[in-house]
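Hi there,

Here is the structure I promised to pass on.

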Amino acid sequence: MSGTVPERVSAWFEMWQRNLVYKGEDTYVQVGALEPEEESSTNELATAWAFCLAKELGQTERAERLHRFLSPKVGEGFDVDPYNTGLFLLGERLEKGTFYRLVNG
């Protein structure tokens, strides 16, 4: 949606912030207790998506905090989901409005 209606996504993302956990200099997304068991999400996967969205929306400070949580895990390898590394690398390359420009030219 950030590629088509970024202003709506930005407003939604602000309301969604209650899912973030601030721990020292890091920030991560806390998923529900059953989500890892059901294989629907993990803290790492949700944090990687939030990192990409923060970069897309130009939320530099938030993106940096999410990046700090994820970056040590890239070297160690993520516990569950191999897609996290790809999302992390995508987030490192994204700039504000990248998805929007991809969709809208």
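This is a predicted model: local features need pLDDT of at least 70, side-chain atom pairs count only at pLDDT 80 or more; totals for chains, interfaces and linings use all residues.

Residues are numbered from 1 along each chain as its sequence is written, and side-chain values use heavy atoms, with hydrogens and water left out.

The largest nonpolar core holds 24 residues (buried Ala, Val, Leu, Ile, Met, Phe, Trp, Tyr and Cys joined through side-chain atoms within 4.5 Å; buried means under 20% relative accessible area with a 1.4 Å probe, protein chains only). Among those with the most contacts inside this core are Phe13, Trp16 and Phe51. Helix 3 gives the most to the core, with 8 residues (helices are DSSP runs of H or I, at least four residues, numbered from the N terminus).

Helix 3 also packs against two other helices. Its axis comes within 9 Å of that of helix 4, and the two cross at roughly 140 degrees (axes are lines fitted to C-alpha atoms over the stretch in contact, and angles run from 0 to 180 degrees between N-to-C directions). With helix 5, the angle is about 15 degrees and the axes are 9 Å apart, which makes helix 3 roughly parallel to helix 5.

Phe51 touches Ala63, Leu66, His67, Leu70, Phe88, Gly91 and Glu92, not counting residues up to four places away in sequence (contact means heavy atoms within 4.5 Å).

Best wishes

Terms used. Buried means under 20% relative accessible area, exposed over 50%, partly exposed in between (1.4 Å probe, protein chains only). Angles under 35 degrees count as roughly parallel, over 145 as roughly antiparallel, 65 to 115 as roughly perpendicular and the rest as oblique.
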